[in-house]
Amino acid sequence: MNGGRVQARWRALGSDRRLAWCAGVVAVLLVVAFPFAVEALLGRTWVRIIDIALLFVMLALGLNIVVGYAGLLDLGYIAFFAVGAYCYALLASPQFGIHWPFLALLPLVALVAAFFGVLLGAPTLRLRGDYLAIVTLGFGEIIRIFLNNLNRPVNITNGPLGITLIDPLAVGGFPLNRTWSVAGVTFAPVHSYYYVFLACAAVSILISLRLEDSRIGRAWIAIREDELAAASMGINTRNLKLLAFAMGATFGGIAGGLFASFQGFISPESFTLLDSIMVLCMVVLGGMGNVGGVVLGAALLTALPEALRYAAPLQKALLGEVYLDPSDLRMLLFGLALVLMMLHRPAGLWPSSTRRRELAGEGGAHAGR
């Protein structure tokens, strides 16, 4: 009887809905099986790289709120990543003998990171462009130097030695850093973290999309285009800029907490200026202001440097000797890619429709002159 009812309901659905439902089921199955397929083809190391890429997706989406939506150039964004990581590590490690569960820690990490976002945004409300970039760059370096020196006279962060033995994430009392099996399928820690990070990245994408279409998102875009005109239309630019810093910092803080639990070890050297520049490149190269472009940029700039590690064995096989060190080659190709992108696709690989129209209009105006 129940089977007949299910078949009747299935026939009652339109062909388009049935096709969409089937496509959704297939997509979910592909996402679930993706880490196992990658492991079978490329090895477990690449599953770990995918985990890191998902964290950078969260970071890039947070910076996209600040830079892409509100138009506030932030070169110290990695500081919020560091704040989240250290907040989690201090409260879930032997450093202070505190071991809070991650379900209690992640909201706290988000609040602390948001506070630091407001702390950065409050004194910079009247700054724009290069001046704002210099101040945020200084803020990022101050946070890193503080973390590096808060080991005396009272040892808080353990200084350059970092914090070790950080508690892993635990779901239902089961830590994700253990290997377990279900129906003959073995789930390594990198697989377990993949599903948690994927869920967090999906929530971040959903929030970003909702913000973009909301009243707040449109107000941020108005501030980005012309702050004076936005203020004259009644938009509270001060509060909205502070909100952008706080929201972006929240994304970065949560990603930092997840990173600390995943690595089990953090140190100030994990949060350098180069990391801030890399996250900014993910936003710009992917497509500033477009969620899909930012996700694409984060995935590419996380995976491509790792893929270029294979340049050494490839040179050895073809030329008999390694002429270019892989680390040098990676930075050379990365710089070349930046130059080519800015020349041929200044709006990014997947730009937002607004950004595309703006650049097309500028090109037409210059052509007219």
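1. Ground rules. Since this is a predicted model, local features need pLDDT of at least 70 and side-chain atom pairs count only at pLDDT 80 or more, while totals for chains, interfaces and linings use all residues. Residues are numbered from 1 along each chain as its sequence is written, and side-chain values use heavy atoms, with hydrogens and water left out.

2. Overall make-up. You'll find 15 helices and six strands here; these are DSSP runs (helices H or I, at least four residues; strands E, at least two), numbered from the N terminus. Of the 369 residues, 42% count as buried, meaning under 20% relative accessible area with a 1.4 Å probe, protein chains only. Take the contacts (heavy atoms within 4.5 Å) with a separation of 6 or more: 72% of them join residues 24 or more positions apart.

3. The core. The largest nonpolar core holds 89 residues, and Y88, L169, F197, I266 and F271 touch the most other members. Helix α3 (residues 44–69) gives the most to this core, with 18 residues. A nonpolar core here is a set of buried Ala, Val, Leu, Ile, Met, Phe, Trp, Tyr and Cys residues joined through side-chain atoms within 4.5 Å. Leaving out residues up to four places away in sequence, F271 touches I78, F81, A82, A85, Y86, R144, F259 and I266.

4. α5 against α10. Helix α5 (residues 102–121) packs with helix α10 (residues 237–263) at an angle of about 140°, their axes 7 Å apart. Axes are lines fitted to C-alpha atoms, for helices over the stretch in contact, and angles run from 0 to 180 degrees between N-to-C directions. That angle makes α5 oblique to α10. The residues of this contact divide into 13 nonpolar, four polar and no charged. Among those meeting are L106, V109 and A113 in α5, and F245, A249 and I254 in α10.

5. α4 against α5. Helix α4 (residues 78–90) packs with α5 at about 145°, with axes 9 Å apart. F80, V83, G84, C87 and Y88 are the α4 residues that meet α5. This contact has 11 nonpolar residues, two polar and no charged.

6. A look at C200. This cysteine is found in helix α7 (residues 189–212). Which residues is C200 in contact with, leaving aside its neighbours within four places in sequence? They are M58 and L258. C200 and I254 are 54 residues apart in sequence and 9.0 Å apart in space, C-alpha to C-alpha.

Note on methods
Buried means under 20% relative accessible area, exposed over 50%, partly exposed in between (1.4 Å probe, protein chains only). Angles under 35 degrees count as roughly parallel, over 145 as roughly antiparallel, 65 to 115 as roughly perpendicular and the rest as oblique. Ala, Val, Leu, Ile, Met, Phe, Trp, Tyr, Cys and Pro count as nonpolar, Asp, Glu, Lys and Arg as charged, and the others, Gly among them, as polar.
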